[in-house]
Each structure stands twice: as C-alpha cells, then as structure tokens.
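This report covers helix packing and aromatic ring pairs.

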Amino acid sequence: MKEKGVLIDTVTYTSLIHWVSSSGDVDGAMRLWEEMRDNGCEPTVVSYTAYMKMLFADGRVEEATEVYKEMLRSRVSPNCHTYTVLMEYLVATGQLHSLAH
C-alpha cells in the first residue's frame, strides 16, 4: 500500500492489526500498532478494543490493561464491545467472581 502511495488511516491499520494477529503474528500486529501511532493515526474505540482482545488472547494481560488505561486517558469511551472483551477475559481467568466480593 505504501509503495502505491495509498494513505493508511486508523481503520486500515486496525484491519491490518486484526489480520496479522489472526495469522498468529502478534508481535507483527504490535509493530503495526506502534507504526499507526508513529504515523499520527489516533486509535478509535474499535482499535483499542481489538488490540486489547488480541493482547488478552495472547496472555499479555499487563499490556492489555495498559492499553485500556491509555484508552481512558485519551478520553476514548469504552463501548459495549470493550466491556465484553474485559468480561470475557475475567470469566476465562476466573476473576469475574472475585469482583463481586
């Protein structure tokens, strides 16, 4: 895309991150995330949520948590999909029950 002079925006980066991580290359997806940010593309709630889901799925809990905190600091409001990703992680790890107490 770059070679053809196509401008890559946040939506395109988010799609690329999804497809690269889906192929099993989480480190490559993480590089794309950094490239997106370096190129001045601001993540959307969709970008943040997809990135957190990828990190949780790869067991990178600390990084996923930092991404969530960054999202909040950036004043990007979580949506129902964001909360679903968080709850899925908490349920899968047995931590949802501990929040109720």
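How many aromatic pairs does the count come to? The count comes to 3 aromatic pairs, where rings of Phe, Tyr and Trp (its six-membered ring) pair if their centres lie within 6.5 Å.

## Basis

This is a predicted model, in which local features need pLDDT of at least 70, side-chain atom pairs count only at pLDDT 80 or more, and totals for chains, interfaces and linings use all residues. Residues are numbered from 1 along each chain as its sequence is written, and side-chain values use heavy atoms, with hydrogens and water left out.

## Aromatic pairs

W33 and Y51 are stacked (planes under 30 degrees apart), at 4.0 Å centre to centre and 5° between the planes. W33 belongs to helix 2 and Y51 to helix 3 (residues 45–57), so the pair ties together parts 18 residues apart in sequence. Both W33 and Y51 are buried (under 20% relative accessible area). Ring pairs link W33, Y48 and Y51 into a cluster.

## Packing of helices 1 and 2

Helix 1 (residues 10–22) packs against helix 2 (residues 26–38) at an angle of about 170°, the axes being 8 Å apart. That makes the two helices roughly antiparallel (angles over 145 degrees). Helices here are DSSP runs of H or I, at least four residues.

The contact (heavy atoms within 4.5 Å) involves T10, Y13, L16, I17, V20 and S21 of helix 1, and G28, A29, L32, W33, E35 and M36 of helix 2. Its residues divide into 8 nonpolar, 3 polar and 1 charged.

Definitions and conventions: Axes are lines fitted to C-alpha atoms, for helices over the stretch in contact, and angles run from 0 to 180 degrees between N-to-C directions. Angles under 35 degrees count as roughly parallel, over 145 as roughly antiparallel, 65 to 115 as roughly perpendicular and the rest as oblique. Ala, Val, Leu, Ile, Met, Phe, Trp, Tyr, Cys and Pro count as nonpolar, Asp, Glu, Lys and Arg as charged, and the others, Gly among them, as polar. Rings of Phe, Tyr and Trp (its six-membered ring) pair if their centres lie within 6.5 Å; planes under 30 degrees apart count as stacked, over 60 as edge-to-face and the rest as tilted. Buried means under 20% relative accessible area, exposed over 50%, partly exposed in between (1.4 Å probe, protein chains only).
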